[in-house]
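Subject: The structure I promised you

Hi,

Here is the structure we talked about, followed by my notes on what turned up in it. Have a look at it first, then read on.

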Amino acid sequence: MLDTKLYEEELEKINFQVNIEEIDGIPLDMAQKIVRTDTEDALGIIKSKYRPINHVDAFDGALQTISKAGVCFDNAELKIDSYENGAMAKMEVMFKDHTALVGKHNLYLKYIARNSYNGRWKFQSFF
């Protein structure tokens, strides 16, 4: 698996809880807001049936599945970025032990996952 210290440091960037709260004067079946519990900042307006997927759970689950599939993490590089006060997060993992020659270019296998609390990105991932 990835370097544990780096992995934990990167995940810490997006490790916070969220709550779904009412918006004064708006019926619950129309809209609610999603709020960071550590800062009380609103991250977005969501529909009543929306259920957030925690960034850490989503990314960690994806990496565990990739590891079980036999992809080599020995020389992998991990980067996690967040946007809009943590409402959106993106993880990129470049697997330097997995390459393919495309034309005259030697390309690394790269995995990208995105998730959001504000509804802009449903959890998605791709190589």
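Helices and strands here are DSSP runs, helices (H or I) of at least four residues and strands (E) of at least two, numbered from the N terminus. With those names, Asn-75 lies in the loop between H2 and S4. Please keep in mind that this is a predicted model.

**A loop residue to start with**

Is Asn-75 buried, exposed or partly exposed? Its relative accessibility is 39%, so Asn-75 counts as partly exposed. Leaving aside residues up to four places away in sequence, Asn-75 touches Met-94, Lys-96 and Asp-97. Asp-3 is 72 residues from Asn-75 along the chain, and the C-alpha atoms of the two are separated by 9.3 Å.

**The sheet**

Next comes the sheet, which is open, has 4 strands in the order S4-S5-S6-S7, and shows antiparallel pairing. Its edge strands are S4 and S7 (124-126), each of which pairs on one side only. From one strand to the next, the twist averages 20°.

The S4 and S5 strands run antiparallel and are joined by 8 bridges. These two strands form a hairpin with 4 residues between them, and Glu-84 in the turn has a positive phi of about 50°. S5 and S6 also pair in the antiparallel sense, over 12 bridges.

**The cores**

In soluble globular proteins, nonpolar side chains tend to be buried together. Which residues have the most contacts inside the largest nonpolar core? They are Phe-59, Met-91, Val-93, Phe-95 and Tyr-111, in a core of 21 residues. The elements that give two or more residues to this core are H1 (4-12), H2 (55-68), S4 (76-83), S5 (88-102) and S6 (105-116). H2 supplies the largest share, 6 residues.

Not counting residues up to four places away in sequence, Phe-59 touches Ile-14, Ile-80, Ala-89, Lys-90, Met-91, Ala-113, Arg-114, Asn-115 and Phe-123.

Tyr-7, Glu-10 and Leu-11 are the buried residues to look at in H1. They cover an arc of only 95° around the axis, which means that they sit on the same side of H1. Lys-5, Glu-8 and Glu-12, on the other side of H1, are exposed. What do the buried residues of H1 pack against? Their partners are H2 and S4.

**Salt bridges**

How many salt bridges does a search of the whole structure find? The search finds 8. Here are some that I looked at.

- Glu-10 pairs with Lys-13, with the closest N and O atoms 3.0 Å apart. Glu-10 has a relative accessible area of 10% and is therefore buried, whereas Lys-13, at 44%, is partly exposed.
- Lys-79 and Asp-81 meet through their side chains at 3.7 Å, N to O. Lys-79 is partly exposed, with a relative accessible area of 46%, and Asp-81 is partly exposed with 22%.
- Lys-110 forms a salt bridge with Glu-92, the closest N and O atoms being 3.1 Å apart. This pair links distant parts of the chain, since Lys-110 is in S6 and Glu-92 in S5, 18 residues apart. Lys-110 is partly exposed, with a relative accessible area of 32%, while Glu-92 is buried, with 18%.

Lys-90 comes in here too: Lys-90, Glu-92 and Lys-110 are linked in a network of salt bridges.

Do write back with any questions.

Best wishes

Definitions and conventions
Residues are numbered from 1 along each chain as its sequence is written. This is a predicted model: local features need pLDDT of at least 70, side-chain atom pairs count only at pLDDT 80 or more; totals for chains, interfaces and linings use all residues. Side-chain values use heavy atoms; hydrogens and water are left out. A nonpolar core is a set of buried Ala, Val, Leu, Ile, Met, Phe, Trp, Tyr and Cys residues joined through side-chain atoms within 4.5 Å. Buried means under 20% relative accessible area, exposed over 50%, partly exposed in between (1.4 Å probe, protein chains only). Contact means heavy atoms within 4.5 Å. Two strands pair if DSSP finds at least two bridges between them. Axes are lines fitted to C-alpha atoms, for helices over the stretch in contact, and angles run from 0 to 180 degrees between N-to-C directions. The arc is that of the directions from the helix axis to the C-beta atoms. A salt bridge is a side-chain nitrogen of Lys or Arg within 4 Å of a carboxyl oxygen of Asp or Glu.
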